Amino acid sequence: MTQPTIQAPGDVMFSPAVKAIQARKGSRESYTHVEQSRGFRHEVDADLAGRLAEATSFYLATASADGQPYIQHRGGPKGFLKVLDSHTLAFADFSGNRQYITQGNLSENPHAYIFVMDYAHRRRVKIWGTARVVEDDAALTASLMPRGYRARPEQVILFTISAWDTNCPQHIPQKFDAADVAEALAVRDARIAELEAELAKLKGAGASPASVS
């Protein structure tokens, strides 16, 4: 992958109109300090890679040439949203309802945005960038298809990162994936069964239940 020309991440995230409102409402100074000190991030680091490796769901936002917005959900097994290099993400785009709104938008407006919500840990990742659809690369599609996942890959979406940031957990409700809950309950039930069997064995041997730790 060729490294893109980098626009200042703060300018990607905050348009002049946004900065004007920040100035009016008193937050522009603090964001200016961030931009001039550590800066906002625009490359994949260990933190972002780790978060994406655990993601089973995200939202992809695009807009038409005249600005009509659209958000599309994408889901899959952990790791289905892959890091190709320090600036590029990719995923196999599975066949769906065949509306092709995202693809149509990207054909005339490459600007895109990925929003990853982790309810279990109450954290979120916002990723600004550009995206394009690749329809004619069977090898790339195969490399991005999660092994054993029951879905038909129709194409690939490549996402070039311009900026990314995380948010505080404020107002994020804590929710857990059904599979994770089922696994935790299975562990609990197995432990209960183990203790009940131990108790029954001790009772059969004439031991007092009070002696069971």
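1. Two strands pair if DSSP finds at least two bridges between them. Strands (E, at least two residues) and helices (H or I, at least four) are DSSP runs, numbered from the N terminus. By that rule β1 (residues 57–63) and β5 (residues 111–118) run antiparallel, joined by 3 bridges. Ala 61 stands opposite Tyr 113 in β5.

2. The model is predicted: local features need pLDDT of at least 70, side-chain atom pairs count only at pLDDT 80 or more, and totals for chains, interfaces and linings use all residues. Residues are numbered from 1 along each chain as its sequence is written, and side-chain values use heavy atoms, without hydrogens and water.

3. The open sheet has 7 strands, paired antiparallel in the order β2-β1-β5-β6-β7-β4-β3. β2 (69–75) and β3 (82–85) are its edges; each has a single partner strand, so one side of each lacks a neighbour in the sheet. Neighbouring strands are turned by 35 degrees against each other on average, direction ignored.

4. Helix α4 (residues 46–54) lies across β3, β4 (88–94), β5, β6 (123–134) and β7 (153–167). It runs at about 80 degrees to β6. Helix α5 (residues 101–108) packs on the sheet, touching β1, β2, β5, β6 and β7. Its direction makes about 45 degrees with that of β1. Contact means heavy atoms within 4.5 Å. Axes are lines fitted to C-alpha atoms, for helices over the stretch in contact; angles run from 0 to 180 degrees between N-to-C directions.
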